[in-house]
Each structure stands twice: as structure tokens, then as C-alpha cells.
Protein chains: 2
Amino acid sequence: MEETKEFYSVEEKKLARYAKALSHPVRVYICDILSKQACCYSGDLAEEVPIARSTLSQHLKELKNSGLVQGEINPPKIKYCLNKENWAEAQQLFKEFFK
Amino acid sequence: MEETKEFYSVEEKKLARYAKALSHPVRVYICDILSKQACCYSGDLAEEVPIARSTLSQHLKELKNSGLVQGEINPPKIKYCLNKENWAEAQQLFKEFFK
DNA sequence: CCTTTGTTTCGTAATTTTACGAAATACGAA
DNA sequence: TTCGTATTTCGTAAAATTACGAAACAAAGG
């Protein structure tokens, strides 16, 4: 079946993408931390969160792919922060969506 | 590994659940319609949306399970509406989350 | 009762997600 | 260069998601 070219709006697709990034409690938890206390390291999270480091790394990768989070290399650590611009975009999209 | 009993907060889990419900464009689309123009029937959606009726039915089921949407049987049709109470809860959760 | 209408459930397949431990990578320090 | 630390990627497995068409269901109308 030929994809009905761009049936969904850009906003709908963006919102779905951000929602997907937030569809797992650990990713919500990570964002909660990042939004409340600036940046943090993968290792700091690994000590708190009840999952394997490799799994945590996967979740961080997904958050990065969604655009909500960015990682700054600061060897040998990697500092994760919110991506302010995309965070604001997501905020706006959800705000519009719910009203 | 024993699940660290209730590691995530109730809010984090609820938000993840709502986010999951909104993690597919068609479900965002359906909610968009329901939030803008009251209720509608599965068949009305099926005519617009480029997916099989059975697949649409699955998505509606997920929206119902998440609590965002409710269905009223009105034979032989089923009328879908937003669940206002849960909608408001989700709105509030996302609002708090992003600020 | 049989048919039509609107919708969901079933069976199935392909893809994606989630998870883990082991191995790889990258860098600074000894 | 070798070691130690911090983190990611790889390989893999189990479970969930997404999708479809066929079959089932439920109620109204003939």
C-alpha cells in the first residue's frame, strides 16, 4: 500500500516522537533529574537506577535521538544535559495538544 | 534481580503511560480530532486514516487502556470521546514535567 | 430468521523495544 | 606503554508493538 503521502501533520509526528522518548519510566526519571538539577553523568545515574549500565546507555541514546537530551564529552565522563531548544519545543507541542 | 520496590514515582509511571499512548502518530491524530470536535465513531476515523480497520481498532483499544479515551456503545456504532478527567490529569502531568 | 451494518477479536508475521553481560573504546595517570 | 576508570557497542534473547485480512459478534431491519 502506498503511504498516503504525509497523512499526519508535522506536529503530530513530532509530538509522537517526543512522547515515545518519554514512554518508559526510566527515561522520564532521567529527564526529571536533568530538568531539576542541570546536567549529570551516566555513572551518577547508573548508581541510582535499578538497571544495567548498558541498558541505561541505550535509554540515554534514545533520549539523545529524540533530541530532548544532549551529551557533552568530558573525558573520561560524558555529561548529559537537556537540549533546551527541543525541550521547549516539546513543551509547546504538548501544551497545544492538551488545550 | 529483585525489582527495587517502586523505584519510580507514581507520577513518573503515569506520565510514561500517557506518553506511550501518544507515541504513535495515528493515536495523536485521533486525540487531536477528539479534543477539537467532541466525539466520533470508529467508522468515521476509518474513512480518513490510512490504516486497516482492525489496526485502527487496536489503536483505539490502546487509547482506552491508557485512559485518555472512552467508548460509548451506541449500537451498532461505538462513539469515542476523550475521558475528560484523565485528559486533565495528563495535561497537568506534562505541564509539571516540562516546567 | 436471515441479512446488513459497524466494529472487534483472532491468527499471524515482521519489526521494534527492552534487557543483560561481555567485549570494545577512549582517555588520563602511573 | 600498561593500567584503571567511564562509558558505549555488540551479541543475543524475550517480550511488546504494529500491521493485515479473515472470522466472529451484536443489534436493527426486513
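**Reading the labels**

Guide: Let's start with A:K14, which forms a salt bridge with A:E89, the closest N and O atoms being 2.6 Å apart. This is a predicted model, in which local features need pLDDT of at least 70 and side-chain atom pairs count only at pLDDT 80 or more, while totals for chains, interfaces and linings use all residues. Residues are numbered from 1 along each chain as its sequence is written, chains are lettered from A and ligands numbered from 1 in the order in which they are written, and side-chain values use heavy atoms, with hydrogens and water left out.

Visitor: Why is the pair A:K14 and A:E89 called a salt bridge?

Guide: The term asks for a side-chain nitrogen of Lys or Arg within 4 Å of a carboxyl oxygen of Asp or Glu. A:K14 and A:E89 have their closest N and O atoms 2.6 Å apart, so the pair qualifies. It links distant parts of the chain, with A:K14 in helix 1 and A:E89 in helix 5 of chain A, 75 residues apart. Helices (H or I, at least four residues) and strands (E, at least two) are DSSP runs, numbered from the N terminus. Over all chains there are six salt bridges.

Visitor: What makes A:C39 and A:C81 a disulfide?

Guide: A disulfide is a pair of cysteine sulfur atoms within 2.5 Å. The sulfur atoms of A:C39 and A:C81 are 2.2 Å apart, so the pair meets that cut-off. The link is right-handed, with 110° about the S-S bond. A:C39 sits in the loop between helix 2 and strand 1 of chain A, and A:C81 in strand 3, 42 residues apart. The structure holds two disulfides over all chains.

Visitor: How do you know which residues of chain A and chain B are in contact?

Guide: Contact means heavy atoms within 4.5 Å. By that rule, 29 residues of chain A touch 29 residues of chain B. The area buried between the chains is about 2800 Å², and carbon and sulfur atoms give 73% of it. Buried area here is the accessible area (1.4 Å probe) that two parts lose on being put together, summed over both. A:Y8, A:F97 and A:F98 supply 25% of the area that chain A buries against chain B, more than any other three residues. The elements giving two or more residues to this side of chain A are helix 1 (10-21), helix 2 (25-36) and helix 5 (84-98). Helix 2 gives the most, with seven residues.

Visitor: Why are the two copies said to be related as by a two-fold rotation axis?

Guide: Copies are superposed by least squares on the C-alpha atoms of residues with pLDDT of at least 70 in both. A rotation of 180° with 0.0 Å of shift along its axis superposes chain A on chain B (RMSD 0.0 Å). The two copies are thus related as by a two-fold rotation axis. In chain A, the C-alpha nearest the axis belongs to A:A19, 2.3 Å from it.

Visitor: What makes you say that the copies meet through the same surface?

Guide: Of the interface residues of chain A, 100% are also interface residues in chain B, so the copies meet through the same surface.
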